[in-house]
Structure formats: structure tokens, C-alpha cells
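I opened my notebook today with a model to explore. Here is what I looked up, one topic at a time.

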Amino acid sequence: TAVRPGGDVIDDLGLSPVALAVLSERYLLRDDSGSLRETPGQMMDRVAVAVAHAEDDYRPGASHGYAERFATVLRAREFLPNSPTLMNAGTSLGVLSGCYVLPIEDSLESIFDTLRTTALLHRAGAGTGFSFSRLRRRGSATSGGGVASGPVSFIELYDAASQVIRLGGRRRGANMAVLDVHHPDIEEFLRAKSDTGALPTFNLSVGVTDDFLHAAAQGRSHRLIDPATGRLVRELPARELFAQIAENAWRTGEPGLLFLDTVNRANPVPELGRLQATNPCGEVPLSAFESCTLGSVNLARFLDGDGLDEVRLAEVVRLGVRFLDDVLDVSVHPVPALAEAARATRKIGLGVMGVAEMLAALGLPYDSPAAVRYVSGLMARISRWAHAASRELAAERGPFPLYPHSRWVTSAPMRNAQVTSIAPTGTISLIAGTSAGIEPFYAIAYTRHVLGRDFDHFEPLLRERARAHGAWSPTLEAEISASGTVSDCAGLPESLRRSFVTAHEIDPRWHIRMQAAVQRHTDAAVAKTINLPATADVATMREVFRQAWQAGVKGITVYRDDTRPEQVLRCPESC
Ligand code: CDP
């Protein structure tokens, strides 16, 4: 049985109250009468067995052993796949990938075909990203003799549909809209989320190019071109448009930037065309119809004395890559084009979570050269292990079909065109009980509003370390609970105050440095929020954008404190 006589879910994995609540309300299977059919541990077993099925196609009978190995790491929360895999594996909803990018061509057929696919994907809990850059500008002619309403009106249409679907779903599907900086409707796009609560299912990113950013830096002009005709519509100073982007981001946290040239320099399969969009939280640039199957290793689980147990970590990374490659085989996509695209490049996204917890445990302040160096070196090794695992799979199962046309062709065959990606891990880090992705601690004590309830969080590692220093007292706990941070806590040793630094106390430059260090060793992109204090001015925002571009990150999301009181973290369901 999955529930106690009193009715609450049986905790067979030692989870936190908030993790149990999220799992029982959204993830665990229920029977027709609505009663829970599984415990969290049984959910992990269901996922392990369903995914390991893929193994039998390569070596009959192999699934049993792999199901056990997968279940062990899932139950230990050393590695967790993205939410749709946890929710849907082994059920009739076969969508297991976290995110998709879908094409939007300049025709009503394409717009509504893709809207239909979007609906089917959101129903299963996956996110979708789109470039709206091909749509003709507002005010231009349509074939019916009418006037085009432009990309922003279609983003509104997609948003409305997503909101309706989200009401019935277990998880709220999220969207990303990218508009190229050369599109004539770009200024309307920048303001599309200015009103509080506008486009709640969308994140917006301006697709910026190196030519635009150079023009802004050098004071040159910038051309807006109608994608339908290729004609010049208007010219304006690039600097003025750049300032408008920064101004909107400063006011509302939107839009972010997607550095299109940086992204395309790393495009693993250029033959599929230029990459124009990412998934909702930005960590995976994809071609049209492609998807990404994400999974993250929980670094905090590998702490061992003054470092990490890297022998075990390497094993779990290797198993994680295999797990994700298996997920590709057992996934069912609602539209054939999605299945074909997934098969052609076999992109997966192995990433990490628990970076902040790991750094604090090792006594490395997030905003220090030592921390950036440590994370960079670690990510380089993880990437090496992950690539080696994909090569082993290629030797066993063959490379991805487009391998001969990929930039991997000069090295040994790979099973996956893209292996690593850093997801936000909004929900799975909650289930794992660690800090999200590569983000610093949000706060040491805070209240998380989720499922219509408030859950108090107090960073357990801080409590443990303070006790070990003999510095613990109820007064201290009350003091920290009131402020949320430990930086002014006279009762704690300086080393602890420094290593438990929180997001808003960290200078934006350190956020960017950490993102860039991780990006250097990541195939896809990195989900990261650059936090700015409420007092930061627009000039700082412009500077942050410039630094991010120069640092070589693929995209940037900023959040200035207090600009959106209702949105604490990026992916709303986990906040
Ligand atoms: O932790 P979890 O697996 O639930 O998701 P995440 O790592 O926070 O987000 C990974 C990706 O899932 C995002 O980039 C989105 O593409 C998608 N997502 C979504 O569609 N809807 C959400 N409410 C959250 C995430």
C-alpha cells in the first residue's frame, strides 16, 4: 500500500515535507478512485523498469540488471531525470522528454499545426520553445487581403491556449518565445511582458547577433528587416535598441538574451540549419522538432571528506548517460516528426544539481576564484566522463544517424549529438533535497509557496555545520530565520558566513563568471539566473548583458530583486 491508514503518503525514501507533497499531488500514480497507487520508492522503481526496457532491444534479458542499477541511483537520489520521465515512464503518456523546440513558419497552417502539437506536449508536462522570427511583421499584407497581426499577437494566442491546458494538467507546461533582434516588431516584443501578469506561460528572449552587439558598442545603426520580404523596414541606432532591451529587463526581468552566434558556433549538427530557439528555461538550443531528455547528478550526494568521491561520481555519470539514451528509445512522441528528429541526433542533457550545497560543504564561497576554479575543473571531468560514456554506447549500439554530418565526425563516434546541459532542476532538486542546478543558495531560510501552501525551509547543512562549530543556539536560528542570510551573523565563524553566501549577496559578475565557467564544459547551454539587487540601475543591467556576451555564455536571464514579487524563482511550479 502507498498510503498510511490516516491517508498521507508513505515516505519510504526519507523525503522532506515539501518533496512529499509535490510527489503525492503531482507525480505519484493514482487509481481511478484517486487513491495513491505507489510510494516515492515505488515511483523510482516504475521509472527504472520502464526505462531499462530499452536494454532488451540491444541485449535480450539485459533489462533486469539495468532496472536494478537505475533504481538504486534513483532511490538514492544520486541522479534524477527531468519531471516528465518521473511522471510518465511506464504509463500510457509516453512523453518523457522535458522540452521541445517547434517550428513556426509564416502561415496559418504552420501556426495552428504547431499550436496543436504544443497542446499535446503540455498535456504531458513538457515545455516548448519557439522562434517567432519568421512571422511577417504587424501591419503587412496577408494573402486573404487582410492585415497581419504580427508575432506578438501569436505569442498571445499560444499563451492563452497554454493557460487553458495548464488548468487540467499536473504540471504547468512552460514556453519560450525568441524573436530575432532584426525583426521589425522587436520593440513591441520587448514590452510584451511589461504589464504585471502578462503572458504568464512565456519566457521571452531576444535573439541577438554579434553584428548587433558590435553595432551597439560602436554606436552604429541597426536594420529592421521584414522576414517575409527581406526588405529593410526601418533603421535605428543599435545602442538605442540595446538600451530599450536593458530597460525592459531592468523593469520586469524580461526579456533575456539568446546569443545566437555563440549558440551556432557550437551547433553540433550545422547541416540541420541555424539554431534559432531554446527550450523554456534556456538550457537547450535545438533545431525545429528536436527535444531534449534531461537528467541531473546530485553532487551533494558524492561529498566525501574534503572533496568528492569522484570514482563513484564517474560511475553515476556513465550510468546517467546510458539511462538518458535508453529514455530516447522508450519515449513516445505525439507527432511523428518529433520521433524522427529525436532519433536523428539523439540529444540528451546530463547536468548537475547541488552545486551550492557542495561548495558550502567544501568551504568554498560561491563568489570566489577558488569556487569558480573548482566547479570549472569538476565540470570538465564530468563532461569527459559523459562523452566517454556516449562513445561506449556508440561502440555498442552505433552512433546517432546524423553523426557523419556532425562536428563530432573528426573524433570517435558518439551515440548522442549533445550530451551535457545544465537544467534549472526546479522540481527534481526539491525531490533530491539539494540546491537547484548551479545556482547559489536562494536564501538560508525562506518560505516556499507551492501547491497553495507555505513550507518553511532552513538549510540543513548550515545547521549541521554550526553545531559542529559549537555555534548553534535557538536564538541564532531565530535570527537567521528572520533575515534569511548568515552574512551578518556575529554568532557564526567567518568561514561559515562566507561559504553560505546567498544569491542576492553575490555580485552579478560572479554569477556570470560561474555560468561562463560551466558553459565552457557544457555541450548545450546553462540555465542560470543572474541576480541583481533591487538598487541596481539600468546602466548595471546594460553592463551585465555586455559582460555575459563577452564571457561566452549562450544566453542570459536576469532578475532584479523585487521586480516581480509573485515570482520567486524562474519556474513557477516549484516556487
Ligand atoms: O526539475 P524539473 O525536471 O521539473 O524541471 P527543470 O529542470 O526545472 O526544467 C527543465 C525544463 O523542463 C525546462 O527548461 C522546461 O523546458 C521544462 N519545464 C516545463 O515545461 N514546465 C515547468 N513548469 C518547468 C519546466
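My entries below cover the ligand, the cysteines and one glutamate.

**Ground rules.** I am working with a predicted model, in which local features need pLDDT of at least 70, side-chain atom pairs count only at pLDDT 80 or more, and totals for chains, interfaces and linings use all residues. I number residues from 1 along each chain as its sequence is written, and side-chain values use heavy atoms, with hydrogens and water left out.

**Entry 1: the ligand.** I began by asking how many residues surround the ligand. I found 20, where a residue is near a molecule if one of its heavy atoms lies within 4 Å of it. The closest are Ser83, Arg171, Arg172, Thr425 and Gly426.

Sorted by class, this shell has 9 nonpolar, 8 polar and 3 charged residues. For this I counted Ala, Val, Leu, Ile, Met, Phe, Trp, Tyr, Cys and Pro as nonpolar, Asp, Glu, Lys and Arg as charged, and the others, Gly among them, as polar.

Next I looked at ligand oxygen atoms. A backbone N or O atom of Thr425 lies 2.7 Å from one. For Thr427, a polar backbone atom is 2.9 Å from an oxygen atom of the ligand, and for Ile428 I also noted 2.9 Å between a polar backbone atom and a ligand oxygen. Taken alone the ligand exposes 520 Å², and the protein buries 99% of that; these areas come from the Shrake-Rupley method with a 1.4 Å probe.

**Entry 2: the cysteines.** A reminder to myself: a disulfide is a covalent bond between the sulfur atoms of two cysteines. My rule here is a pair of cysteine sulfur atoms within 2.5 Å, and the count comes to 0 disulfides. Cys99 is in none, as the nearest cysteine sulfur, that of Cys292, is 5.3 Å away.

Are these two buried or exposed? Cys99 is buried, with a relative accessible area of 2%, and Cys292 is buried too, at 0%. Buried means under 20% relative accessible area, exposed over 50%, and partly exposed in between (1.4 Å probe, protein chains only).

**Entry 3: Glu38.** Where does Glu38 lie? I found Glu38 in the loop between α1 (17–27) and α2 (40–58); helices are DSSP runs (H or I, at least four residues), numbered from the N terminus. Glu38 is buried, with a relative accessible area of 5%.

The side chain of Glu38 reaches the backbone nitrogen of Leu29 at 2.9 Å. A polar contact of 2.7 Å also joins the side chains of Glu38 and Arg46. A polar contact is a pair of N or O atoms within 3.5 Å; within protein, one must be able to donate a hydrogen and the other to accept it, and residues adjacent in sequence count only if both atoms are side-chain atoms.

Note on methods:
Helices (H or I, at least four residues) and strands (E, at least two) are DSSP runs, numbered from the N terminus.
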